[in-house]
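I went through it element by element and wrote down what I looked up.

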Amino acid sequence: MQEDVIEREIEDMLGLREHREKDSELYKIANEVFDRTTRETLAYLHRRGKIGALYGVISTGKEANVFAGVDGGGRRIAVKVYRTYTTEFRRMWEYLASDPRVGYLPKDMRKLVFVWARREFKNLQRAMKYAVPVPEPEVFRNNVLVMEFIGDDSPAPRLKDAERELEERDFEELYSTLMSVIERLWKRGEMVHGDLSEYNVLLHEGPVVIDWSQATVKRNRMSLELLKRDIRNVANYFARKGVRTDDPDEKFRELAGI
Ligand SMILES: Nc1ncnc2c1ncn2[C@@H]1O[C@H](COP(=O)(O)OP(=O)(O)O)[C@@H](O)[C@H]1O
Ligand SMILES: [Mg+2]
């Protein structure tokens with residue numbers, strides 16, 4: 001795609017022709033953080049109607065930025081844009097190398113990030129199949145993942161941010177829902193999230209589990225370690241909130257069958 005075409009698509013996507021101020025955080029990221037591949041990918045998705053407009057920045061992280069927007073039909077979406085340069089390269093490489101679903105691993109960091117984003121998309125699809133509440137994945141391309149927006153006017157809060165408003169009963173219910181998510185994923189879906197915590201659960205009606213990039217399948221040699229970690233994180237968090245939780249080691253042995 002020609003540079004001027006990309007430029008036009010991006011401007012249109014950010015609504016710069018109309019009302020967006022040029023000093024907005026979104027504008028800065030789009031122009032100072034996004035590299036050429038990312039801009040081209042976003043321009044492509046815009047052209048195809050997969051991203052109609054981006055409105056604002058939901059989150060800026062080490063690995064990815066997440067934006068709020070709408071698709072071509074006006075449906076609300078969240079767009080996760082992975083950084084093509086990341087200090088997390090080694091960790092990503094190790095995680096991907098142990099995943100039996102992933103074949104050839106590119107040496108090039110940018111291409112490795114594409115594999116990482118694609119895996120998150122596949123994980124979301126797989127988790128959905130086992131009735132785990134997740135943002136519905138829409139499309140991915142290169143380092144960009146488009147999914148259902150979780151929230152109303154504003155994005156749904158993370159469990160960590162909403163915890164002050166919750167009562168004992170809510171914690172108990174959330175604990176049992178999340179523990180059954182871990183169980184169902186493992187037993188029926190033969191997979192594990194791997195980073196399940198109060199930071200990766202959004203509260204929207206019930207809990208919605210996000211951030212599936214490190215999730216993997218049972219056959220992965222790291223899967224038991226990840227399962228143990230998820231059980232511990234969840235049990236320890238809710239124990240601190242006063243819930244009578246399972247003993248994490250016992251629960252782990254029960255699920256792992258050892
Ligand atoms: N589908 C979504 N709808 C609304 N907000 C989201 C969605 N996905 C992610 N977010 C927000 O973006 C933040 C970062 O997303 P996440 O996937 O956890 O990436 P990371 O933690 O790797 O930066 C989340 O904590 C959440 O606040
Ligand atoms: Mg996260």
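**Start of the chain**

I began just after α1, where Gly 15 takes a positive phi of about 65°. The model is a predicted one, in which local features need pLDDT of at least 70 and side-chain atom pairs count only at pLDDT 80 or more, while totals for chains, interfaces and linings use all residues. Residues are numbered from 1 along each chain as its sequence is written, and chains are lettered from A and ligands numbered from 1 in the order in which they are written. For helices (H or I, at least four residues) and strands (E, at least two) I use the DSSP runs, numbered from the N terminus.

In helix α1 (residues 3-13) I listed the buried residues as Glu 9, Ile 10 and Met 13. Seen down the axis, the buried residues of α1 fall within an arc of 100°, so they line one face of the helix; the arc is that of the directions from the helix axis to the C-beta atoms. I call a residue buried if 20 or more other C-beta atoms lie within 10 Å of its own, exposed if 12 or fewer, and partly exposed in between, with C-beta atoms placed from the backbone. The buried residues of α1 pack against α2 (25-33), α3 (36-47) and β1, where contact requires C-beta atoms, placed from the backbone, within 7 Å.

In helix α3 I looked up Thr 37, which counts as partly exposed because it has 16 C-beta neighbours inside 10 Å. Leaving aside neighbours within four places in sequence, Thr 37 is in contact with Thr 84, Arg 110 and Asn 142.

**Two domains**

Next I turned to the domain assignment of the protein chain, which gives domain 1 (3-148) and domain 2 (159-256); such bounds come from an automatic or database domain assignment. The contact between them takes 17 residues from domain 1 and 21 residues from domain 2. On the side of domain 1 that touches domain 2, helix α5 (residues 109-129) gives the largest share, seven residues. By class, I noted ten nonpolar, two polar and five charged residues on that side of domain 1, where Ala, Val, Leu, Ile, Met, Phe, Trp, Tyr, Cys and Pro count as nonpolar, Asp, Glu, Lys and Arg as charged, and the others, Gly among them, as polar. Taken over C-alpha atoms, the centres of domain 1 and domain 2 are separated by 26 Å.

**Around the ligand**

Which residues are the closest to ligand 1? I found 20 residues surrounding ligand 1, and the closest are Ser 59, Gly 61, Ala 78, Pro 135 and Asp 211; a residue is near a molecule if its C-beta atom, placed from the backbone, lies within 6 Å of it. The elements that give two or more residues to this shell are β1 (53-60), β2 (64-70), β3 (76-82) and β5 (144-148). The shell around ligand 1 has eleven nonpolar, four polar and five charged residues, and it draws at least three residues from each of domain 1 and domain 2.

Asp 211 came up again when I looked up Asp 195, which, leaving aside neighbours within four places in sequence, is in contact with Asn 200, Asp 211 and Gln 214. Asp 195 sits in the loop between β6 and β7 and is partly exposed, with 18 other C-beta atoms within 10 Å.

**Helix α7**

I then checked the length of helix α7 (residues 168-187), whose 20 residues should span 28 Å at 1.5 Å a residue, and whose end C-alpha atoms are 29 Å apart, which agrees; the expected span is 1.5 Å times one less than the number of residues. Its buried residues are Leu 174, Tyr 175, Leu 178, Val 181, Ile 182, Leu 185 and Trp 186. They fall within an arc of 125° seen down the axis of α7, so they line one face of the helix. Arg 169, Ser 180 and Lys 187 are exposed on the other side of α7. Among the elements that cover the buried residues of α7 are α5, β8 (206-209) and α9 (248-256).

**Positive phi in loops**

Most residues other than glycine have a negative phi.

Notes: Contact = placed C-beta atoms within 7 Å.
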